[in-house]
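Good morning, colleagues. Please look at the sequence and the structure as I bring them up on the screen.

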Amino acid sequence: MTLSTNTRTYVDTVTYRPGAVILYPGKSDMLYRVSTGLVRVHTMDDDGNGLTLRYVKPGEYFGEEALAGVNRAYFAEAVTDSSIDVINPALMSAEDNLVVTTHLVRTLERAYESIFRLVGKRLRARIAGELLELKDTALATQLDSGETMIYATHDELAAAVGSVRETVTKVVGELSREGVISAGYGKITLKNEEALSVIAAA
């Protein structure tokens, strides 16, 4: 489901390089939709530690605070080369609002799942679940072997699962020795997705 066909009358498309900050905390007046690429929505604690709140994939929205006129409390950063549609909420039709509302419901469901992973599961399961989540993003590529390789550092995984790099590195090493994944610098290959799913569900 996408916005109505007259979208181009009020949408500007902006491209961003990997690592570019799209949004900072503060006033919110526009809605954003990922056209291509991948965006990471994240925040920082008082000690400067990053925490990934969610990834936004093509066809999904961020900056929803603009719909209610409230301030934004997070950063949005391009993870890969990304094209972002900038939407003026004041010009959205009733049909457009329904599309965005449906998206918000799905986003909330995913947020509940993420909270459950963070609070109710061990780090090993959280890492397995995050790798499976990243499998369907622009960070993943299909190898000739049929396996999926994900471009992600241990720091990025730590930010996504609410841990620190040293502990994540230890768990990644365990999963590698078990043959579930193989890890190199900045990349992780999923060797046994079925086993990974079992670990994520534990």
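Residues are numbered from 1 along each chain as its sequence is written, and side-chain values use heavy atoms, with hydrogens and water left out.

Let me begin with confidence. The protein chain has a mean pLDDT of 88, and 93% of its residues reach 70 or more; pLDDT is the predictor's confidence in each residue, from 0 to 100. Helices (H or I, at least four residues) and strands (E, at least two) are DSSP runs, numbered from the N terminus. Over residues 5-9 the pLDDT is below 50. Where pLDDT is low, the predicted coordinates should not be read in detail.

I turn to the aromatic rings. How many aromatic pairs does a search of the whole structure find? It finds 2. Rings of Phe, Tyr and Trp (its six-membered ring) pair if their centres lie within 6.5 Å; planes under 30 degrees apart count as stacked, over 60 as edge-to-face and the rest as tilted. Y24 and F75 are edge-to-face, at 5.8 Å centre to centre with 70 degrees between the planes. This pair links distant parts of the chain, 51 residues apart, with Y24 in the loop between strands 2 and 3 and F75 in strand 7. Y32 and F62 are stacked, at 5.3 Å and 15 degrees. Y32 lies in strand 3 and F62 in strand 6, so this pair ties together parts 30 residues apart in sequence. Both Y32 and F62 are buried (under 20% relative accessible area; exposed is over 50%, partly exposed in between, with a 1.4 Å probe and protein chains only).

Next, the helices. The axes of helix 3 (residues 154-161) and helix 4 (residues 165-177) come within 8 Å and cross at roughly 105 degrees. Axes are lines fitted to C-alpha atoms, for helices over the stretch in contact, and angles run from 0 to 180 degrees between N-to-C directions. Contact means heavy atoms within 4.5 Å. Among the residues making the contact are L157 of helix 3 and V168 of helix 4.

Finally, K135 sits in the loop between helix 2 and strand 9.

Technical notes:
This is a predicted model: local features need pLDDT of at least 70, side-chain atom pairs count only at pLDDT 80 or more; totals for chains, interfaces and linings use all residues.
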